[in-house]
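Welcome! Take a moment to turn the model around on your screen, and then we will walk through it together.

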Amino acid sequence: MNEHSQANYTHALRTTALEHHFPPFTDHKQIEEEGGPRIIEKSEGCFLWDTDGKRYLDGMAGLWCVNVGYGRDRLAETAYKQMKELPYYNTFFKTATPPAVLLAEAVAGLLPDHLNQIHFVNSGSEANDTIVRLVRHYHNLIGKPGKKVFISRENAYHGSTMASASLGGMSHMHSQGDLPLPGFVHVKQPYWFAEGGDMTPEEFGIVAARSVEEKILELGADNVAAFIGEPVQGAGGVIIPPDTYWPEINRICKEHDVLLIADEVICGFGRTGSWFGLQTLGIEADIVPMAKGLSSGYLPIGAVAVSDQITEVLREQGGEFAHGMTYSGHPVACAVALENIAIMKEEGLVDRVRDDLGAYLNSALATLSDLPMVGETRSLGLLGAIELVEDKATRRKFDASVGAGRKCRDHCFDIGLIIRACGDTLVMSPPLTITHEEIDELVAMARTAIERTMSEVSG
Ligand code: PXG
């Protein structure tokens, strides 16, 4: 296509998008004013191209999911082969398919010993919705019908359906759809940089964990079903808890007989340098939702891993588990996920994050600390964050009306880098295949974007 017809093509798609495509997590009026969405059309490795031929380094791995990077022929060939063999069959009513069975075995093999049963769904939201039903059902079966309330954290993200958004702690989501539903409460997040005040991170980790215990005591342990937390909060701003946090949460959940759910939708599949974030951080979970990196986003699939203790009760006393979706354990998605795990193992991607890339990203981000606007950089594995602040010494944030994070994110796009802004926290989660040179490129582009933002906000 020549330049002229390429521009026409882009314009036509953007206009049609405005006419017919009702997009998620988008201000519809704003994209209309901007002439429509940017249209991403091609990919390879860690890079994306839009319809104008502009190249972007994808510092987000899509939406925290393309762990093996773009352009994997093996995954495309696996999907093609499975579609020819058996494009669809369900896993209801005493039936299964080879990919579903083999993927369940593979996922169980990556998890701690007590997590052996894997229930498939199509997304992280469905995984968490499923867990709400499953946990309530379990407590009814064991004669503790009062244990129904879920404790989560402010600013947590657990999905977008009615129950998973109720589990989440995002107030701007709650205000749409009259959420949370009854039976969901939220406590302090372990976000030292924003909320730790004069405490050391270690002291604050204990305080944040104890807010769970205080809530349990307030509600009565007989009324509390479970606590859910992401090992590292992703969409909330890559919030890496102080070292004291998760050990204290383990103690509290055990002591008060509260199930512990580790939401691994972002942290799972190598992101933190172990197969699961719970292994990196020592979380003793009873139930583990996952999605995203399970198939590296090549096809939609999620899963819930359930402890032996719970599955035993469901098997012995539960009768038929009356829950499932048409596409639960879809054979093509399962086959692709299985191949995705095989690629990760063969290329040693998880070890690479633990032994090399995690430290490399950490030091590369730290070079940004000389910028007056950078209050902190932090990372764990290939989850990274840059805090933009008005005053470094006191960690004082900009007034929300300044929109520093949003402005900086937009500069990144202009320069050719995709990272996300959670308020004024820039976050990233690149493919696990990223090279040192690409990390250097990412950080250099982030520096330019922050410098442009600094001159913009300081007049
Ligand atoms: N749990 C966690 C921890 C997530 O990050 C979900 C559950 C829901 O998964 P599904 O597959 O239903 O989207 C998520 C999803 C963002 C962003 O803006 C993050 C997610 C989804 C959309 C946007 O960072 N995380």
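For a chain of 459 residues, a compact globule would have a radius of gyration near 23 Å, and this protein chain has 22 Å, so the two agree. Keep in mind that you are looking at a predicted model. Along its principal axes, the C-alpha atoms fill a box of roughly 65 × 60 × 45 Å. The chain contains 17 helices and 15 strands, and buried residues make up 53% of the 459 residues.

**Where the chain starts**

Methionine 1 sits in the segment before helix H1, which covers residues 3-20. Is methionine 1 buried or exposed? Its relative accessibility is 67%, so methionine 1 counts as exposed, since the exposed class begins over 50%. Together with Tyr9 and Leu13, Met1 forms a nonpolar patch on the surface, and these residues share about 300 Å² of accessible area.

Helix H1 itself has 18 residues. From its first C-alpha to its last it reaches 26 Å, close to the 26 Å expected at 1.5 Å a residue. At the start of H1, look for asparagine 2: one of its side-chain oxygens comes to within 2.7 Å of the backbone nitrogen of serine 5.

**Pairs of opposite charge**

Side chains of opposite charge can pair when their charged atoms come close. How many salt bridges does the model have? The count comes to 22. Here are some of them, with the N to O distance of each pair:

| Pair | Distance |
|---|---|
| Lysine 215 and glutamate 218 | 3.4 Å |
| Glutamate 248 and arginine 251 | 2.8 Å |
| Arginine 409 and aspartate 410 | 2.9 Å |

Lysine 215 and glutamate 218 both belong to helix H10 (residues 201-219), where they lie three residues apart, about one turn of the helix. Lysine 215 counts as buried because its relative accessibility is 18%, whereas glutamate 218 is exposed at 58%.

Helix H11 (residues 245-255) holds glutamate 248 and arginine 251, again three residues apart, about one turn of the helix. Glutamate 248, at 9% relative accessibility, counts as buried, while arginine 251, at 28%, is partly exposed. Which residues are linked with these in a network of salt bridges? The network joins Arg210, Glu213, Glu248, Arg251 and Glu255.

In the last pair of the table, arginine 409 has a relative accessible area of 22%, so it is partly exposed.

How values were computed. Residues are numbered from 1 along each chain as its sequence is written. This is a predicted model: local features need pLDDT of at least 70, side-chain atom pairs count only at pLDDT 80 or more; totals for chains, interfaces and linings use all residues. Side-chain values use heavy atoms; hydrogens and water are left out. Patches are made of residues with over 30% relative accessible area and no salt bridge: like charges are joined within 9 Å, nonpolar side chains (Val, Leu, Ile, Met, Phe, Trp, Tyr) within 5 Å. Accessible areas come from the Shrake-Rupley method with a 1.4 Å probe; for residues, only the protein chains shown count as cover. A salt bridge is a side-chain nitrogen of Lys or Arg within 4 Å of a carboxyl oxygen of Asp or Glu. Helices (H or I, at least four residues) and strands (E, at least two) are DSSP runs, numbered from the N terminus. Buried means under 20% relative accessible area, exposed over 50%, partly exposed in between (1.4 Å probe, protein chains only). The expected span of a helix is 1.5 Å times one less than its number of residues. A polar contact is a pair of N or O atoms within 3.5 Å; within protein, one must be able to donate a hydrogen and the other to accept it, and residues adjacent in sequence count only if both atoms are side-chain atoms. The radius of gyration is taken over C-alpha atoms; the globule rule is 2.2 Å times the number of residues to the power 0.38.
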